[in-house]
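Reader: Hey, I've got a model open and some time to go through it. Can you walk me through what stands out?

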Amino acid sequence: MSSVLVLRGAADARAIRRTLPDVLVHELPDLNSPPPADTAVLVLRSGVRLGELELDAFPRLRHVVRTGSGIDHIDVIALRHRGITLHRNADAGAAAVGEWALAAALALARRIPLGQRALILGRHEKEACMGVSLGTLAAGVWGAGPVGLAAGRALAPHVARMAYTAWPSNPPGLREVSQAALMEQSQVHVIALPLRSTTAQLIGEDFLARVAPQRPLLICTGRLETLDVAACLRALADGRLSGLALDPVEREHVPLLTGSTTPLNLLASPHIGAQRSDVRGALDRWAIDLLREITAHDKTLVEGGHR
């Protein structure tokens, strides 16, 4: 007998059961407890690590379904060595993340998070909330994957000019400049990079020193580990950054953002960039269609699903 395991929040397990009544579908909140040993398909979300250790608990796993974009939390080499197929949907939520980037840019430019935080602390800081027009600022996007492109499309009508960091794999037609030029010219930086060995904490002290003359707004829509968060918070506190927005905050990151009693122009959200109802519906439909296709060619899954 084989089954499908859906991690809560990755897809609508009830809809999968209704659509595929002959398939046994389990649902768990996470991988902290032992998963069903008969799992042939794992449907997971962001923030769930899947490496060699976790894969040892899935002796019959053949498919991993990532309902979203980022896969840095998945050991794709280990999957390949074990003959496990990885499926992902990198495009469904990109426009929603781009919308979040625009909302963050507007909020930081008007210094709304600073004013809100000050009020929570019992302080009325109107003078400190003197903002600027987003339309006067130049924006630079780091990363030209689906999320970076969507962020650029969302911001372009509302900023003075837009550019991307030059990279060989960038799609044609983008306005590209060198990293050095982007740091010198931009007052808004959107970090939409995947997490790799070359990008881990790329946005750290050296970057912050080079952009300090511009006192830019820094917006992270990619992975938080591409930033040295402590360094970025120091730069925000001492004025080298005018604003900081962080969306990809997972549970383990919360301690990095707590404890300050100083009002900062800081916007943080619990990885909600793609958390929009239409996106969730599109991803659920995609997952169901994909599972239908997988199970149609997998006799073991279908035969094992009677309940």
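**Leu108 and its surroundings**

Author: Let's start with one side chain. Not counting residues up to four places away in sequence, Leu108 touches Pro113, Leu217, Leu218, Ile219, Gly243, Leu244, Ala245, Asn265 and Leu267. Keep in mind that this is a predicted model.

Reader: ok, and which helix does Leu108 lie in?

Author: Helix α4, which covers residues 94-109.

Reader: Is Leu108 buried or exposed?

Author: Leu108 is buried, since its relative accessible area is 1% and the cut-off for buried is under 20%.

Reader: Switching topic. What about aromatics, how many pairs does the structure hold?

Author: It holds 1 aromatic pair. The partners are Trp142 and Phe207, in an edge-to-face arrangement with 5.6 Å centre to centre and 75° between the planes.

Reader: Which elements do Trp142 and Phe207 lie in?

Author: Trp142 is in strand β6 (residues 138-142) and Phe207 is in helix α8, so the pair ties together parts that are 65 residues apart in sequence.

Reader: You mentioned α8. What packs against α8 from α9?

Author: The buried residues of α9 do. Besides α8 (205-211), they pack against β10 (217-220), β11 (243-246) and β12 (266-268).

Reader: Which residues of α9 are buried?

Author: In α9, residues 229-238, the buried ones are Val229, Ala231, Cys232, Leu233, Ala235 and Leu236.

Reader: And what follows α9?

Author: Gly239 comes next, with a positive phi near 95°.

Reader: Hmm, which residues have a positive phi although they are not glycine?

Author: Arg111 is one of them, with a phi of about 60°. Gln201 is another, with a phi of about 55°.

Reader: Where do Arg111 and Gln201 lie?

Author: Arg111 is in the loop between α4 and α5 (112-120). Gln201 is in the loop between β9 (188-191) and α8.

Reader: Buried or exposed, for each of them?

Author: Arg111 counts as buried, because its relative accessibility is 18%. Gln201 has 48%, so Gln201 counts as partly exposed.

Reader: Let's zoom out. How many helices and strands does the protein have?

Author: The secondary structure comes to 11 helices and 12 strands.

Reader: How much of the chain is buried, and what about the accessible surface?

Author: Buried residues make up 51% of the 307 residues. The accessible surface comes to about 14700 Å², and 54% of that belongs to carbon and sulfur atoms.

Reader: What share of the contacts join residues at least 24 apart?

Author: That share is 62%, among contacts between residues at least 6 apart in sequence.

Reader: Last one, charges: how many positive and negative side chains?

Author: There are 33 positive and 30 negative side chains, and the centres of the two sets lie 4 Å apart.

Definitions and conventions: Residues numbered from 1 in each chain as written. Predicted model: local features only at pLDDT ≥ 70, side-chain atom pairs only at ≥ 80, totals over all residues. Heavy atoms only, no water. Buried < 20%, exposed > 50% of the residue type's maximum accessible area, 1.4 Å probe, protein only. Helix = DSSP H or I, 4+ residues; strand = E, 2+ residues; numbered from the N terminus. Contact = heavy atoms within 4.5 Å. Areas by Shrake-Rupley, 256 points an atom, 1.4 Å probe, with all protein chains shown as cover. Lys, Arg positive; Asp, Glu negative; His and termini not counted. Charge placed at Lys NZ, Arg CZ, Asp CG, Glu CD. Phe/Tyr/Trp six-rings, centres within 6.5 Å; stacked < 30°, edge-to-face > 60°.
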